[in-house]
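Let's take a friendly walk through this model, starting with strand pairing and ending with aromatic rings.

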Amino acid sequence: MVSSPTSVAAAESVGTPADVALNLYRSMRRMRALENALQKVLSTGEARFPSYPIRGLEATCASIGLAMQPSDYLSTTYRCLGDVVAKGVPLRGIAAEFLGRVTGTSKGKGGSMHLSAPELGLMATTGIVGAGAPIACGLGLAAQLEGNGQVAVTTFGDGATSIGAIAESLNLAAIWNLPLVFVCQNNQWAEHTSISDYTRNTELTSRAEAVGMRAVRVDGFAPLEIHAAVQAAVEEARAGQGPVFVESVTYRTKGHSFGSENRYVPAEERKAAEARDPVVAFRLSILQEGWHSEDTLSSIDADVDEEVRDAMEFARSSDPTPPEEMLRDVYGNQEDSRR
């Protein structure tokens, strides 16, 4: 049965390890299929938009979605596709936003780097490196003041940890004991610079520990390990025990952006990471553990492929965002936007 394209929520982190594994796999598979479809329209010239590949990050993204409640807040980056899918934003709205259609999550005005769906807790994706962390501090402070048990999560790459806004946010969250989880998707590259070329200490957890924050480092290719770490961090934050920093060590197997070359990446490193492809490897692991059958996983694959096909067709058949829409919602009221 094909999932309703408008009713898909973030997967639930409940049940046995086999249940969790199936939810993680489904979420990762949805990210992979949607990214493939979006990159296809770029390759054929059907559409043009900035695209920052997430291949290699899927396990981290899926773990975030499972750990969060629908009402929890999320702020993330321009490399956001996986996080947005994991948060439960319908694929139709995501595809339409990427293609600049009026039915997109931001009416086609935000595009691939600026999605938001506050009704689902997706508060912001931002094109400014490190900018999601101070936003998350504000969201965490709001949750703390409201006292309603909400948690804020923010994601960023390893390169962002050298931005001042991240350092300031870590300290602020720690000193104010905010219900906030920092998830560093350490893909080993800050655009075109290797992590070992921009920092002497490559264990980024030390940056959080320096301000007195609990920090944990996990294997970004091990979905269940990441899930356990993020789940524990979210529960601690929700219980009022303060912020947690999770560093998920993975590898970006594609270029910084769609179409950019990555010859600067050592071939042996890229091949090693590709051999650990989290979607492919986790599927095999589920079968080897005997948690689910080939038929079950193939059924999920088919459902996901149909859901993505539906989402892309929905986007293609939607109207392009008209010019008169571009200034709406930008200023405080409609009259302001006409000045």
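Asn186 sits opposite Val249 in strand 8. Six bridges join strand 4 (residues 180-186) to strand 8 (residues 244-249), and the two run parallel. Strands here are DSSP E runs of at least two residues and helices are H or I runs of at least four, numbered from the N terminus; two strands pair if DSSP finds at least two bridges between them.

This is a predicted model, where local features need pLDDT of at least 70, side-chain atom pairs count only at pLDDT 80 or more, and totals for chains, interfaces and linings use all residues. Residues are numbered from 1 along each chain as its sequence is written, and side-chain values use heavy atoms, leaving out hydrogens and water.

Six strands make up an open sheet with parallel pairing, in the order 2-1-3-4-8-7. Strand 2 (122-126) and strand 7 (214-219) stand at the edges with a single partner strand each, so one side of each has no neighbour in the sheet.

Now to the rings: a search of the whole structure finds five aromatic pairs (ring centres of Phe, Tyr or Trp, the latter by its six-membered ring, within 6.5 Å; planes under 30 degrees apart are stacked, over 60 edge-to-face, the rest tilted).

Phe49 is buried at 12% relative accessible area (buried is under 20%, exposed over 50%, partly exposed in between, with a 1.4 Å probe and protein chains only). Phe98 is buried too, at 8%.
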